Amino acid sequence: MRLIHPTASDDVDLARAYAYPAERCVRLNMVASADGGTWLKGLSGGLSGSGDRRVFGVLRGQADVILAGAATVRAEGYGPARPRESWRELRRGRPAAPAVAVLTRRLDLDLTGPLFAEAAPDARTIVVTCDAAPRDRREEAARHAEVIVAGDDRVDLAAAVGELAGRGLGRVLCEGGPKVNAQLAAAGLVDELCLTVSPLLIGGDAARVFDGPESLTPLRLAHVMEEDGFLFTRYVRGTR
């Protein structure tokens, strides 16, 4: 992998390149085709490559918590993040792996699946829901996960991010999907976008990186790296 912006270099330290700028930061991580689609045959993995998987691992190692919508968790077959030897220094003083937090209004999750049953005690899976969620499902979820109630009729994302920060989970890595990304942006909560551009044209009806309400978040390009035709970009919140 080589850095091509802001300067050219063949010596890339991914942990330094993707270090969080502050203890409280919401970072989005997505992969998209060159024509903007975010999945191939329903899954993001078909767009990925070895470099993208390395960046993915570093981003998870840097984060306090991985945030994802229930649809993404179901489609991608999420399990808990597993500790890696390469994370040892990145996570010094923190749990060996970040917790996963799932955004869901209806709580339509397999609460006995690996995401809940195999999570480490110090990185227990978190369910973020709202007061309108079915009461019986909330009670069932509380037996398998930590439950955060944020909002009345729907999940209040600002309140959810605040609740996570209050638990010491301020470095948030959101892995989507596109609807969650758009909602976070509309709420003014996106601080960074780490976008891998895959060298594929896919057409079809795959959603864009943001799929939801219109919003405007000015960004500044922090870096671009390249490997095997993939571009690895990092944008940070800017000003207009």
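Student: How many disulfides does a search of the whole structure find?

Tutor: A disulfide is a pair of cysteine sulfur atoms within 2.5 Å. A search of the whole structure finds zero. Keep in mind that this is a predicted model: local features need pLDDT of at least 70, side-chain atom pairs count only at pLDDT 80 or more, and totals for chains, interfaces and linings use all residues. Residues are numbered from 1 along each chain as its sequence is written, and side-chain values use heavy atoms, with hydrogens and water left out.

Student: Is Cys-25 buried or exposed?

Tutor: Relative accessible area decides: buried is under 20%, exposed is over 50%, and partly exposed is in between (1.4 Å probe, protein chains only). Cys-25 has 3% relative accessibility, so it counts as buried. Cys-194 is buried too, with a relative accessible area of 1%.

Student: What about the protein as a whole? How many of its residues count as buried?

Tutor: Of the 240 residues, 46% do.

Student: How many helices and strands does the protein have?

Tutor: Helices (H or I, at least four residues) and strands (E, at least two) are DSSP runs, numbered from the N terminus. Here there are seven helices and 10 strands. The radius of gyration is 17 Å, close to the 18 Å that the globule rule gives for 240 residues, so the protein is as compact as a globular protein of that length. That radius is taken over C-alpha atoms, and the rule is 2.2 Å times the number of residues to the power 0.38.

Student: What does the C-alpha trace span along its principal axes?

Tutor: About 55 × 40 × 35 Å.

Student: How do I read contacts in the protein?

Tutor: Contact means heavy atoms within 4.5 Å. Take the contacts with a separation of 6 or more: residues 24 or more positions apart account for 71% of them.

Student: Where is Gly-46 found?

Tutor: In the loop between β2 (25–33) and α2 (50–62). Gly-46 is partly exposed, at 41% relative accessible area.

Student: Which residues is Gly-46 in contact with, leaving aside its neighbours within four places in sequence?

Tutor: Leu-40 and Leu-200. Gly-46 and Leu-200 are 154 residues apart in sequence, yet their C-alpha atoms are 9.9 Å apart in space.
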